[in-house]
Amino acid sequence: MSAPAPAPAEQSSRRLRFERIPMRRIILIVLSVSIIYGVVAGSTATLRTGVFTAEDWQSLFINGLARGSVYALIAIGYTLVYGILFMINFAHGEVFMAGVYTAYFVAVAFAGNGFLNSNPLLSIAILLLVSMAVSVFIAVLLERLAYRPLRGAPRLVPLITAIGASFFLQYTFRGFYGANVRAYPTIEILQGKWTIFGIQMLKTQAIVIVAALFLWFLLYLFVARTKTGRSMRAVGEDREIASLMGINVDRTIVATFAIGGALAGAAGILYVFLFNQVIFTMGFLPGIKAFTAAVLGGIGSITGAAMGGLILGILEAVGPNLFLTGAEVPSPNQLQPVIAFGILVLVLIFLPGGFLGASEEKRA
Amino acid sequence: MSDAILSLRHVSASYGPVRALDDISIDVNEGEIVCLLGSNAAGKSTTLRTILGMTRANAGEIVFDGERIEGLTTPEIVSRGLTMVPENRRLFGKMSVKENLEIGANLRDDKAEIQEDIERVFSLFPRLKERIRQRAGTLSGGEQQMLAIGRALTARPKVLLLDEPSMGLAPILVEQVFETIQEINSQGTTIFVVEQNAHMALSIADRGYVLQTGSIVLEDTAANLLEHPKLSDAYLGEME
């Protein structure tokens, strides 16, 4: 009733809070301040040295955008599956690898008989189809054999299964295709540069960025407008009520894995446009980086996955040079994974929901 | 043996070792409003879930429209013309009002008629039309209940099951919801409604059943049940 009454209680609770929380708080504050200091100081030092010209920055940025596009496409696979099953499909990187590695043999055959460069567009279309088909097949198989039997199990179980499946697939494909790094045949029309809006870029980079954007847009329309897309959203929100609406939940989950697989297969071909080589472990790093991108954007959100992928790609390409060169770190580009996984840790600490994700507490 | 459109014969169901329904038999005739009354945890929701295949019956048979349905999956049962307005509404909160209505008609592909049914829902609940683009999760409780009923109606069910439609609504809205249920019934849909609010439910129902800890303890016409001396205190645990 009377105003001054709550004052003592408030005071004591304030003091208590001050005494209880500080360690964690202080560590976080020190951490963020030192990161900000490091980034700012490193960047200014780099810019002051003038090692890089404006054009260098441009090309690093384009490079980041291109690789970020690939991450974004893979990240969508994580985010779709998470959105519907609330599990992280850690074998998704292998889904990506399986498609593009299989398409490699088609590419070599085409290069051998000259078809690849006499009919480049048709060849690329066939490579895309092969890669996507194999990735879809692996993704669906994974769901059917590894995850569906565990549908009712505690969340940790499918997570561990996914990690197991990831290694299983890696070494299965090592058995099929060998342990070597293999160079993808070059496609002549993709070589060279274009100047777009006054910015020079590799043709491959431009194609990758545009193709990824196009696929993302297709997917967005698919999820927003089609019946299957609507079913996917419904199953993600409330599986039981979705089936009350007559939705076949199993079929919807298979469709989700298939779509994620198709995008991963396409991402594989775009990946070799940029990096030109395949090996059975190639799914691991891009897979985990795409997972980071999905978390960064807010896992479960398709737009978030695309955003996260692009941001991660750009930070990875620009970051080491910008933050570390001035600090006289030798060969900063070797530290790209540090940036990627540093971001993962920071996002998990400071922004667990990501940029666009629904807050986790609703689903936990 | 009757002309019931939906009948449960000696149905039992359990959650693990816990028996939730013990040998219950219920008949719902075409065109009727039948209510199932009972206190908390009497097994009312389980009855509806069992009819729809969301909980498996471990004994007895469920006959809908002349065919046994107790072994079918939920989508199969729904496709035969049975659906439910679930407890707590359970709308797709991230979808718009329009999408929620469309997804109710998920099993149909007669676009023009679906649109007609959606318009019919809007004439029943003009408030929903104003909110057509709004996310379902942002509606008020009463509006959500309207949308949940609308979503079930766009499936064009022969029999509509409702699980506690009055729950969490202000008294004035409860009355409105029950008036709507009556109207839906008068347009030809058979209604089977589960309620804790016995007087409200009986005031619109033709017949009623009373469930107590998993068994049917009373069944009669609504008028007789309303006059039954033991109804409120003994079976429903209400203080009125």
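**View 1. Helix 3 meets helix 13 in chain A.** In this predicted model, the axes of helix 3 (residues 54-85) and helix 13 (residues 302-324) of chain A come within 6 Å and cross at roughly 145°. Axes here are lines fitted to C-alpha atoms, for helices over the stretch in contact, and angles run from 0 to 180 degrees between N-to-C directions. Helices (H or I, at least four residues) and strands (E, at least two) are DSSP runs, numbered from the N terminus. The crossing of helix 3 of chain A and helix 13 of chain A is right-handed; that is the word if the near helix is turned clockwise from the far one by less than a right angle, with left-handed for anticlockwise. As for who sits in this contact, 15 residues are nonpolar, ten polar and two charged. Ala, Val, Leu, Ile, Met, Phe, Trp, Tyr, Cys and Pro count as nonpolar, Asp, Glu, Lys and Arg as charged, and the others, Gly among them, as polar.

A word on reading these legends: residues are numbered from 1 along each chain as its sequence is written, while chains are lettered from A and ligands numbered from 1 in the order in which they are written. Local features need pLDDT of at least 70, side-chain atom pairs count only at pLDDT 80 or more, and totals for chains, interfaces and linings use all residues.

View 2. Chain A has 14 helices and four strands, and its C-alpha atoms fill a box of roughly 90 × 65 × 40 Å along the principal axes. Of its 364 residues, 43% count as buried, meaning that 20 or more other C-beta atoms (placed from the backbone) lie within 10 Å of the residue's own; 12 or fewer makes a residue exposed, and anything in between partly exposed. Strand 2 (residues 193-196) and strand 3 (residues 199-202) of chain A run antiparallel, joined by four bridges. Two strands pair if DSSP finds at least two bridges between them. Here A:Thr195 stands opposite A:Gln200. The hairpin has two residues between the strands, and A:Phe197 takes a positive phi near 50°.

**View 3. A:Leu121 in helix 6 of chain A.** A:Leu121 lies in helix 6 (residues 120-147) of chain A. Is A:Leu121 buried or exposed? A:Leu121 is exposed, because 9 other C-beta atoms lie within 10 Å.

**View 4. Where chain B touches chain A.** On the chain B side, 19 residues are in contact with 13 residues of chain A, contact being C-beta atoms, placed from the backbone, within 7 Å. Helix 2 (74-79), strand 6 (82-85) and helix 3 (97-104) of chain B each supply at least two residues of that side. Helix 2 of chain B gives the most, with four residues. The chain B side divides into ten nonpolar, six polar and three charged residues. The predictor gives the complex an ipTM of 0.90 and a pTM of 0.86.

**View 5. Helix 3 of chain B, mostly covered.** Seven of the eight residues of this helix are buried, including B:Val97, B:Leu101 and B:Ile103. These buried residues pack against helix 9 (227-237) of chain A, together with helix 4 (111-124), helix 5 (126-130) and helix 6 of chain B.

**View 6. The six-stranded sheet of chain B.** This open sheet has the order 6-7-8-3-9-10, with mixed pairing. Strand 6 and strand 10 (215-221) are the edge strands, each pairing on one side only. Neighbouring strands are turned by 20° against each other on average, direction ignored. Strand 6 and strand 7 (residues 159-163) of chain B pair in the parallel sense over four bridges, and B:Leu162 is the bridge partner of B:Val85. Helix 6 (residues 141-153) of chain B packs on the sheet, touching strand 6 and strand 7; its direction makes about 175° with that of strand 6 of chain B.

**View 7. Two loop residues of chain B with positive phi.** B:Asp65, not a glycine, has a positive phi of about 55° and is found in the loop between strand 4 (57-64) and strand 5 (67-68) of chain B. B:Asp65 counts as partly exposed because it has 14 C-beta neighbours inside 10 Å. B:Glu164, also not a glycine, has a positive phi of about 50° and lies in the loop between strand 7 and helix 7 (171-186) of chain B. With 21 C-beta neighbours inside 10 Å, B:Glu164 counts as buried.

Terms used: Two residues are in contact if their C-beta atoms, placed from the backbone, lie within 7 Å.
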